[in-house]
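Good morning, and thank you for the time on today's agenda.

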Amino acid sequence: MAKVWILMVFAVVGVISIGTSEGARKAPSWRIHTLFSVECHNYFDWQTVGLMNSFRKAKQPGPITRLLSCTDEEKKNYKGMHLAPTFEVPSMSEHPRTGDWYPAINKPAGVVHWLKHSEDAKNVDWVVILDADMIIRGPILPWELGAEKGRPVAAYYGYLIGCDNILAKLHTKHPELCDKVGGLLAFHIEDLRKFAPLWLSKTEEVREDKAHWATNITGDIYGKGWISEMYGYSFGAAEIGLRHKINENLMIYPGYVPREGIEPILLHYGLPFSVGNWSFNKLTHHDDGLVYECNRLFPEPPYPREVRQLELDPDRRRGLFISIECINIINEGLLLHHAANGCPKPAWSKYLSFLKSKAFAELTQPKYVNPATLQMMEDIKEEHVNDVAGKPQPKIHTVFSTECTTYFDWQTVGLMHSFRTSGQPGNITRLLSCSDEDLKKYKGHDLAPTHYVPSMSRHPLTGDWYPAINKPAAVLHWLNHVNIDAEFIVILDADMILRGPITPWEFKAARGHPVSTPYDYLIGCDNELAKLHTSHPEACDKVGGVIIMHIDDLRKFAILWLHKTEEVRADRAHYARNITGDIYESGWISEMYGYSFGAAELKLKHTINNEILIYPGYVPVPGVKYRVFHYGLRFSVGNWSFDKADWRNVDVVNKCWAKFPDPPDSPTLGLAKGEDLQRDLLSIECAKALNEALNLHHKRRCSSDNNSLLTSKEEERTQESEVTKEADKIDANVDSVNNYISTNQSEESESVRKDEMPRSFRFWVIFLWAFSGVGFLVVIFVVYSGHRRRGTRLKHGRRRRSLHSGFMEMNGRSRSGVDVPL
């Protein structure tokens with residue numbers, strides 16, 4: 001009998017070992033410590049709660065320390081000492097020597113102080129440095145990311161253009177070693193000890209160099225030296241020859257679309273982002289004390305099920321899931337914080353139930369880097385234009401500029417629909433220029449993938465009202481704040497409809513040679529205006545509308561586009577029609593001249609192609625397949641006409657099923673022949689494309705509103721009953737209404753529902769399997785030892801019935817264990 005029990009013990013231990021080792025990762029062989037820097041302020045406290053919650057969920061190894069910079073006065077009233085393991089650091093927000101107010105300097109100052117005075121710094125091999133406004137999605141292991149002694153790993157900050165100009169030459173002996181990096185930093189402790197004092201001193205040095213704060217030198221859109229700490233980092237590293245392994249895959253800003261196959265492990269919510277009509281901007285919560293207000297959370301984002309209905313493209317949908325994951329993890333952290341600090345239990349709500357559900361836990365399990373995510377920028381070979389079949393073509397990104405008005409919203413709906421149907425390669429981004437006040441009331445966040453830009457309609461220095469300046473200002477802001485994975489940029493206007501793809505290889509665009517369409521009315525390229533505003537008037541091209549430009553050219557050119565626009569706009573003495581060609585003589589086309597003069601300044605010679613764009617109402621050239629309609633002018637077909645200006649103050653986007661007057665049908669064109677017929681057919685095509693886009697928009701949005709109403713009514717009837725079973729019925733009802741959802745979405749939803757099965761079920765299956773095996777061994781032993789067979793069979797039968805009953809009970813619990821459907 002003793003042998004039997006030994007066998008049983010070994011069997012159970014073996015199975016448990018197998019179960020517990022499932023999915024386990026190799027324990028790190030190095031000591032690791034995570035740091036982040038904050039100040040004594042509510043703004044940093046809710047960020048701390050979010051970061052700490054993500055630190056626990058991501059299972060980041062090693063300890064984490066908050067470097068807390070506070071003045072003695074601030075510390076007297078500070079309530080958040082318990083929010084994270086904390087190392088107090090003297091505040092340098094107001095510089096002790098210069099009196100300069102610059103809180104960002106607390107980051108390098110805090111790291112230097114920690115290295116000198118913390119016992120933890122003596123017992124560590126690797127240090128990961130983060131910002132407070134970050135969410136960790138999975139373990140950040142420096143050695144796994146490729147960091148080595150002498151080669152730290154960092155994220156890419158492409159807007160640090162001071163690494164490429166006079167700024168680097170002024171502030172480091174080795175400007176050629178300056179890396180544009182920041183965000184995620186993974187250091188060997190010995191490198192950090194050598195580097196940190198230089199990080200601080202170079203920050204002070206750059207901050208005091210006010211003569212070189214300008215946007216065109218630093219890339220700082222405010223021109224206020226606010227990113228001096230980032231340059232202090234880059235220049236300090238260059239000074240000691242510390243080259244980074246640069247990775248632009250590990251970190252992503254919520255609101256951006258991750259590349260296919262990439263799994264970011266860090267979210268940096270430093271910029272506004274939106275999902276449908278919901279949006280989040282950390283700056284609007286600068287003084288928010290919700291950490292200390294019981295059961296108060298940020299406004300809930302859409303649920304995963306709603307996101308699946310909102311976006312069909314898998315990569316863009318993944319980007320939206322990342323956005324809601326970010327805010328949900330912060331809210332979960334706040335919920336746990338309130339509970340731990342004695343707050344009363346909050347009232348039941350669907351959202352709170354979702355945050356506590358196994359489904360949410362499964363969705364936010366730790367993410368682990370894959371080979372594609374680990375690929376460094378230096379390992380990625382740049383793709384070039386190649387006409388040979390089968391060779392890779394360069395990546396393209398399309399952008400267009402708008403403002404927070406319904407006038408631009410219906411144009412956006414039209415352009416976005418045409419983008420999807422045209423076959424245009426790459427991604428598209430709307431550059432949305434809004435004032436803070438306009439943004440609060442704006443309803444069109446879901447109309448396009450969007451990069452938000454501060455409005456310059458009212459110039460911050462001159463007070464001049466000139467909304468057209470937002471176009472170059474927005475392009476510059478986008479270049480400075482986004483990691484752009486494209487070799488060529490296609491720039492369009494919002495009042496355009498794409499008819500086919502616009503590709504650099506087809507139209508022969510190249511570095512140094514952008515492609516554009518003719519704007520012959522820019523007569524200022526042929527007279528004194530060009531001589532006044534560019535050093536190379538002979539290089540001035542009369543172009544605009546569609547622009548295809550290499551990213552390297554655009555990075556150099558964008559700042560000049562903006563500055564030359566300001567310059568021409570301020571030159572009121574030369575607004576006259578005979579000088580500019582502006583029929584209104586109001587300087588309204590200053591932005592177009594800003595483009596031409598800025599390009600001439602760099603001697604960018606355009607390939608001018610008149611077969612890309614046509615205005616509806618113009619007679620087409622026979623045989624030309626135009627790629628773009630530009631409906632900037634009134635056009636007509638018989639008694640019907642369309643002028644975009646007539647719809648400046650009419651909201652056809654937010655009023656369900658609103659549209660423009662239908663153009664005539666083609667068969668009714670009657671006597672039109674030849675050129676007139678082709679002209680009218682193109683005009684009808686443009687108008688129909690706009691109405692088709694609006695119709696699809698209303699189907700999505702208005703039908704979605706009806707489904708949301710149905711869902712809410714169902715939920716009201718079922719709140720008093722069991723949440724799980726009734727919620728499953730709601731999902732079934734809504735799914736039957738949404739008959740337009742793709743097969744891929746259905747398969748993904750099914751996959752998620754399967755994943756919601758609790759882990760305990762798997763454990764019990766393994767346990768029952770082990771127990772059955774042990775029972776089998778017992779039976780063999782009993783038979784072998786000659787015990788009474790009849791008694792053995794009865795005993796064995798009872799055991800089998802007991803086991804079978806237990807299995808059914810556990811299986812029943814697992815099926816009803818999901819709190820809330822997605």
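Which residues of α16 are buried? They are N470, K471, P472, A473, A474, V475, L476, H477, W478, L479, N480 and H481. Buried here means under 20% relative accessible area, exposed means over 50%, and partly exposed lies in between, with a 1.4 Å probe and protein chains only.

Before I continue, a word on the source. This is a predicted model, in which local features need pLDDT of at least 70 and side-chain atom pairs count only at pLDDT 80 or more, while totals for chains, interfaces and linings use all residues. Residues are numbered from 1 along each chain as its sequence is written, and side-chain values use heavy atoms, with hydrogens and water left out.

Let me return to α16. This helix covers residues 470-481, and from its first C-alpha to its last it reaches 16 Å, close to the 16 Å expected at 1.5 Å a residue. The expected span is 1.5 Å times one less than the number of residues. Helices (H or I, at least four residues) and strands (E, at least two) are DSSP runs, numbered from the N terminus.

I turn now to a pair of helices. Two packed helices are described by the angle between their axes and the distance between the axes. Helix α7 (residues 189-208) packs against helix α9 (residues 228-239) at an angle of about 130 degrees, and their axes are 7 Å apart. That angle makes α7 oblique to α9; under 35 degrees counts as roughly parallel, over 145 as roughly antiparallel, 65 to 115 as roughly perpendicular, and the rest as oblique. Axes are lines fitted to C-alpha atoms, for helices over the stretch in contact, and angles run from 0 to 180 degrees between N-to-C directions. Among the residues that make the contact are F195, L198 and W199 of α7 and Y231, G232 and Y233 of α9. Contact means heavy atoms within 4.5 Å.

Next come the salt bridges. How many are there? The count comes to 40, where a salt bridge is a side-chain nitrogen of Lys or Arg within 4 Å of a carboxyl oxygen of Asp or Glu. One of them joins the side chains of D131 and K107, at 2.6 Å from N to O. This pair links distant parts of the chain, 24 residues apart: D131 is in the loop between β4 (126-130) and β5 (134-136), and K107 is in helix α4 (residues 106-117). D131 is buried at 18%, and K107 is buried at 11%.

Another salt bridge joins D643 and R634, at 3.4 Å from N to O. D643 is buried, with a relative accessible area of 15%, whereas R634 is partly exposed at 47%.

Finally, I present two loop residues. Is S93 buried or exposed? S93 counts as buried because its relative accessibility is 4%. S93 is found in the loop between β3 (86-90) and α4. Beyond neighbours within four places in sequence, S93 is in contact with E39, D100, W101, Y102, P103 and N106.

P663 lies in the loop between β24 (640-642) and α21 (674-718), and P663 counts as buried at 7% relative accessibility. Leaving aside neighbours within four places in sequence, its contacts are W640, I684, A687 and K688. The C-alpha atoms of P663 and S683 are separated by 8.5 Å, although the two residues are 20 apart along the chain.
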